Amino acid sequence: MNRTLRIVDGREAFIEAVASAAQTVICDAIARKGKAHVALTGGTMGIAVLTGFDVSTTSPVDWSQVHFWWGDERFVEHESADRNCLQAREAFISAADVPEGNVHEMPAANSGLSLDEAASAYAHELSEHAQAGSNLPEFDLTFLGIGPDAHVASLFPDHPDAKKPGTVVSVRNSPKPPPERISLTYSALNASKRIWVVACGADKAEAVALMMSNQGSLSVPSSCVNGRDETVLWADNAASSLI
């Protein structure tokens, strides 16, 4: 699968470019089927992009028709500032006209569910919104960050939990804290129409180069994700400096 590299330098320009392009994709999905499904990511730039979404009364996007999911989540308490979903709410969701039923958070550590039960619960929720013939909704756009080790979501290099089948996995002994996480699997991510990886900063340069030069290596998790229609790596000059 070919990957497209889009370089936009400067933080504000980067946020504006990615957010604007995403809104076009979302509007097209709503026009085509009356709704859109978007999977969000955490991380500095993943959250920053959300601040670029137009939540004004003149926004081109009808946010009430968008379902938001997450590619992964830290298995911590619901009120923890480490939660990707809490950061997304603060950056964008709370200010947008998104019905609460359209915000599909992964269960927290104080939800009363064990880690494995939480992963199963999220897989069940995905199946409840699945398109015909699938156990997943049609993700029109999936955002992913990339770690310095080239991990995406909570799928880490050569980690045994990253190899599990299904749509959602529980992750233990994560090399990056916290140790327990929930993540979509490679197969679930790759069911997305579009996957956009966002990367900024020199500390991501080696990971970006590995992603662009490998295909399907479990030692380079970012090389294992491919959208059905497109895979785009959005990067600034520093992150793309080794390509």
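In what order do the 3 strands of the open antiparallel sheet stand? They run β4-β7-β6, and their pairing is antiparallel. Strands here are DSSP runs of E with at least two residues, helices are runs of H or I with at least four, and both are numbered from the N terminus. Two strands pair if DSSP finds at least two bridges between them.

Before going further, please keep in mind that this is a predicted model, in which local features need pLDDT of at least 70, side-chain atom pairs count only at pLDDT 80 or more, and totals for chains, interfaces and linings use all residues. Residues are numbered from 1 along each chain as its sequence is written, and side-chain values use heavy atoms, with hydrogens and water left out.

**The antiparallel sheet**

Back to the 3 strands in the order β4-β7-β6. β4 (72-74) and β6 (168-171) each have a single partner strand and stand at the edges, so one side of each lacks a neighbour in the sheet. From one strand to the next, the twist averages 15°; axes are lines fitted to C-alpha atoms, for helices over the stretch in contact, and angles run from 0 to 180 degrees between N-to-C directions. Val171 stands opposite Arg181 in β7. Helix α4 (residues 115-128) lies across β6 and β7, running at about 165° to β6.

**The parallel sheet**

A further open sheet has 6 strands in the order β1-β9-β8-β5-β2-β3, with parallel pairing. Its edge strands are β1 and β3, each pairing on one side only, and the twist averages 20° from one strand to the next. Of the 6 residues of β9, 5 are buried, so β9 is largely enclosed by the rest of the structure. Buried means under 20% relative accessible area, exposed means over 50%, and partly exposed lies in between (1.4 Å probe, protein chains only).

| Strand pair | Sense | Bridges |
|---|---|---|
| β6 and β7 (residues 181-184) | antiparallel | 4 bridges |
| β1 (residues 4-7) and β9 | parallel | 4 bridges |
| β8 and β9 | parallel | 6 bridges |

**Helix α1**

Helix α1 (residues 11-33) has 23 residues and reaches 33 Å from its first C-alpha to its last, close to the 33 Å expected at 1.5 Å a residue. That expected span is 1.5 Å times one less than the number of residues. Among its buried residues are Phe14, Val18, Ala22, Val25 and Ala29. An α-helix has 3.6 residues a turn, so residues three or four places apart point the same way. The buried residues of α1 pack against β2 (36-40), α2 (44-50), β3 (66-70), β5, β8 (194-199) and β9 (230-235). Gly34 follows α1, and its phi is positive, near 85°.

**A buried loop residue**

Phe139 is found in the loop between α4 and β5 (141-145). Is Phe139 buried or exposed? Phe139 counts as buried because its relative accessibility is 1%. Not counting residues up to four places away in sequence, Phe139 touches His37, Ala39, Trp69, Leu126, Leu184, Ala188, Ser192, Lys193 and Arg194, where contact means heavy atoms within 4.5 Å.
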